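Let's take a walk through this one together, looking at a few side chains and what sits around them. Have the sequence and the 3D view open as you read.

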Amino acid sequence: MFSRSRPCAEGSEGLPASWSRRAKSSQALALRCRIVLGCAEEEGLRSNKEVAAELGIWPQTVTKWRKRFLDKRIEGLGDEPRPGAPRTITDERVEAVLVATLERQPADATHWSRASMAAESGLSRSTVGRIWKAFGLQPHRADEFKISNDPQFIDKVRDVVGLYLDPPEKALVLCVDEKSQIQALDRSAPVLPMMPGMPERRTHDYIRHGITTLFAALDIATGEVIGSIHRRHRASEFKKFLIKLDKEVPAELDVHLICDNYGTHKAPVVAKWLAAHPRFHMHFTPTYSSWLNQVERWFGLLTDKKLRRSAHRSIQALEKDIRDWIDQWNQNPKPFTWTKTADEILERLASYLQRIPGAGH
């Protein structure tokens, strides 16, 4: 209960009423003032639960600030000093680290490390790391990119993305490509298995047992994959893969194939076959834009989950492993979800071009 005189009865103690109405008051301070004013109504006879219900807060919050006001009056409504040592690094020193990181290189390296920046700025390595983390800077990383020079880039992006976001009815959209030069590699010594405190270990050298090529078509609707393995990578092998697709896709469906601009996809023998099978429609991604083809993402999963750390003593063993992995994938296929519209992709690309001198010419 409010056992003292009403908080608004004396000179400076009338401030909470004005604070609670000030547009520039922080929301926390304004709420505390409303708590005190609510408790002071009806000669201070209102309970904490009544005030809490009126303000939509917990009764414990009312209890806390009611007691703080009774003990310290106006000063009790402010925040108490936070624990810990006062800040010693000024904004100017933080700015100096950011400017150096973004605008110049160290004399003996291509990029800054925490140690070199610490020596340059006079700050500790951990402080430099915290500044970089706060501003999302990672000098040790460098991504690669390639700008397409395709004169039909915009039209091709809209065509392919349109198939992803609004596929045609009574048709199948397949992302098609080849993963060539898959090597059957065997390590020169047995792999040492992982143990507690020790990762799996393998020799750095290996023995080659030949190469093969995987032709794959990813159904964007279901995530299922149709695969075909050939020892060579020519237009004739791609034609054989198209014949396989023609047999496996129901005859009543049109087939839209999303491919890159590799020569085998445009060879005369392939063009002749496509002319004889009008239900097949080719859609080409722009040059240097394999990221538009969803089957490339699937190839990445195949590499990460099966090929990179496996060992094969023959090309036949490699091909069997690939076929088994495709069969296992198709038992529980997962389609990739495409979210970006063509306009969003083009706007993002435009922002990159603005940062690259001469890229727009």
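Start with a charge and a ring: Lys-266 lies over the face of Phe-284, 4.7 Å from the ring centre. Keep in mind that you're looking at a predicted model.

Now on to rings that meet other rings. The count of aromatic pairs, taking ring centres within 6.5 Å as the rule, comes to 8. Take Trp-273 and Phe-280: their ring centres are 5.1 Å apart and their planes stand at 75°, so this pair is edge-to-face. Trp-273 has 8% relative accessibility, so it counts as buried, and Phe-280, at 5%, counts as buried too.

Trp-298 and Trp-325 make another aromatic pair, this one tilted, with 5.5 Å from centre to centre and 55° between the planes. Here the pair links distant parts of the chain: Trp-298 sits in helix α11 (residues 294-307) and Trp-325 in helix α12 (residues 315-331), 27 residues apart. Both Trp-298 and Trp-325 are buried.

Finally, hop over to strand β3 (residues 225-230), where you'll find Ile-229. Is Ile-229 buried or exposed? Its relative accessibility is 15%, so Ile-229 counts as buried. And what does Ile-229 touch, leaving aside residues up to four places away in sequence? Its contacts are Thr-212, Thr-213, Leu-214, Glu-319, Ile-322 and Arg-323.

Definitions and conventions
Residues numbered from 1 in each chain as written. Predicted model: local features only at pLDDT ≥ 70, side-chain atom pairs only at ≥ 80, totals over all residues. Heavy atoms only, no water. Phe/Tyr/Trp six-rings, centres within 6.5 Å; stacked < 30°, edge-to-face > 60°. Buried < 20%, exposed > 50% of the residue type's maximum accessible area, 1.4 Å probe, protein only. Helix = DSSP H or I, 4+ residues; strand = E, 2+ residues; numbered from the N terminus. Lys NZ or Arg CZ within 6 Å of the ring centre and 35° of its normal. Contact = heavy atoms within 4.5 Å.
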